[in-house]
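Here is a short report on the fold of one chain. Please look over the sequence and structure first.

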Amino acid sequence: MSHLGERASALVDGELNHHERDRALSHLAFCAACRAEVDAVRALKNRLRSLDGPAMPADLTMSLLRMAEPGGPLPPRERPFPSSRTFGGAPIPSMYSVAPPDNRPSGRAGGPRRARRAGYVAVGVASAAVAIGTLFVAGGSEPAPRVVPPVDMFANQHRNTAPYGGPAKPAFSPTP
Amino acid sequence: MTRLPTALLLAAVMLLGMAVGNPVHAAAPPDDAEGEDTGLSLLRRAAVAARTRGYTGTQYVTAWGRSGSFSLVLEVRNVPGQGLTVHAQPSGRVERVDPGTPAGNMAAPSEAMLEVLARNYRVVQAGGGRVCGRPARLVRVLRPDDTLAARYWLDESGGPVLRRELLDGGGRVVHAGAFVDLTLDPARGDASPSRAAPPTPSPAAGGLDLAEVPRLFVGGWRFPGVLPGRLELFTAHAASAGYLHLGYSDGLSVVSVFIQPGVLDEERLRGWHPQRRGGHTIWMRDSAGQETIWASGGHVYTVFADAPADMVDAVVAALPHEPAPGLWTRLGRGAHRLLSWVNPFG
């Protein structure tokens, strides 16, 4: 079996299955290098686990809480290093002229705005449904009666229809 | 009309065919004058005789429709001044009919109809023969492409039509009617000018009955003036029952179109079966006549025809077959209506 490599960390975290763990442990029995690596990984993880979490600055906490309060939109972001150098009127990019993407929320009250937008969508959909329904109903066929042709009467009328009614002229020709 | 078993029908047709004489052998070769309507005067004389001469006889009528052939036997009696009485078998129905109607086997077409016939076809004499023991003159009716559309065997002594056949575009006989026996009223004599009974008084020798057409168009009815197969509109009436009756003819065949406002109640159509034609559903039933029903655009169309099946199919295809309106059509119509409601100038 080759050295454990990345499986050393998985072994420490208990992420190997039974078969992999048995093979890893049997390898550690006679591979000092891997055994030392596993010990180092285990020591590192224990040390990281013992560290305290970073403390949240008080001003950051207060500013986050203020974002949840209703208020006007945030002022436009100011570039920390405005580009002042130009060439022929066009700004020359510098190492600070390209600002990082603005990932901040667009407003301070994102929850209510989202709800308001959903309301607008709902009202729009409902209005469209009412309009289409009105057109559909108004465009329906006139209430037409369901009919079965009076076939016998029609047949009798057809049988007794004299096309171009009227008798033929008595135009006689000599009897052959 | 009752549908007869095929074997019995074939036997009856063969026997009747023998009784009336073999028309194929009776037909002489066409004469040299086929380029003119040399047979029209003979048809006219037979039409007058069918009204003005008394006669009694037995006819058989066979029609070949979409679903087979149908036959019936008619005992006819014509009394000048009283009309033609027809006793149909096996239905047993007795009725007095006009000899110029399909019920009268089109024995006496009007002068106007003969003119339409001459306008659409060539009517030529084609020799002679014998039918039910009587000497006959054969008249052939030809389409513009010289195919045979009809044959008439006319009584040579001035009587009515002895035998009449209609043929479709493929040359198949689709309707045949012939006397098996005929007794002319001896008291009436023949139809010579000096001895013939005067014709039935009439203000006109037939013609169009289209006086209502402008009013029908104003009322919103729309219908064609001509239909495939040279069928011309000759009558248009709005009945008090709320339907429109249109009549078309080419001088030989008769097609009636009835239009009702409404939607077709297909569940209550008894004895009719649906068929798909050109993407549309039409309803037909087994009968001698060509009978078709379908719905289109808020109207129900019913067509009855004494005509070849191919002609009827073309007629049905030419009449409206509007599908049910789709969503966008309905929405557009709704918008149009709403605008018309709120438009103060509309």
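## Overview of chain B

Chain B contains seven helices and 18 strands. The model is predicted. Of the 346 residues in chain B, 42% are buried.

## The nine-strand sheet

Nine strands of chain B form an open sheet. Their order is 4-3-2-1-9-8-7-6-5, and the pairing is antiparallel. Strand 4 (94–97) and strand 5 (122–131) of chain B stand at the edges. Each has a single partner strand, so one side of each lacks a neighbour in the sheet. From one strand to the next, the twist averages 20°.

Strand 2 (residues 68–79) and strand 3 (residues 83–89) of chain B run antiparallel and are joined by seven bridges. Within this pair, B:Leu74 has B:Ala88 in strand 3 as its bridge partner.

## A helix across the sheet

Which strands does helix 3 of chain B lie across? Helix 3 (residues 40–52) lies across strand 5, strand 6 (134–142), strand 7 (148–155) and strand 8 (161–167) of chain B. Helix 3 runs at about 55° to strand 7 of chain B.

## Strand 12 and its two partners

Strand 12 of chain B spans residues 244–249. Is strand 12 mostly covered or mostly uncovered? It is mostly covered: five of its six residues are buried. Here, a residue counts as buried if 20 or more other C-beta atoms lie within 10 Å of its own.

Strand 12 pairs with strand 11 (residues 231–238) of chain B through six bridges, and the two run antiparallel. Strand 12 is also joined to strand 13 (residues 254–261) of chain B by six bridges, again antiparallel. In general, strands of a sheet pair through backbone hydrogen bonds.

## Two hairpins

Strand 11 and strand 12 of chain B form a hairpin with five residues between them. In its turn, B:Gly242 has a positive phi of about 100°. Across this pair, B:His237 has B:His245 in strand 12 as its bridge partner.

Strand 12 and strand 13 of chain B form a hairpin with four residues between the strands. There, B:Gly251 takes a positive phi near 100°. B:Ser249 stands opposite B:Val254 in strand 13 of chain B.

Key: Residues numbered from 1 in each chain as written. Chains lettered and ligands numbered in written order. Predicted model: local features only at pLDDT ≥ 70, side-chain atom pairs only at ≥ 80, totals over all residues. Buried ≥ 20, exposed ≤ 12 C-beta atoms within 10 Å, placed from the backbone. Pairing = 2+ DSSP bridges. Axes fitted to C-alpha atoms, helices over the stretch in contact; angles between N-to-C directions. Contact = placed C-beta atoms within 7 Å.
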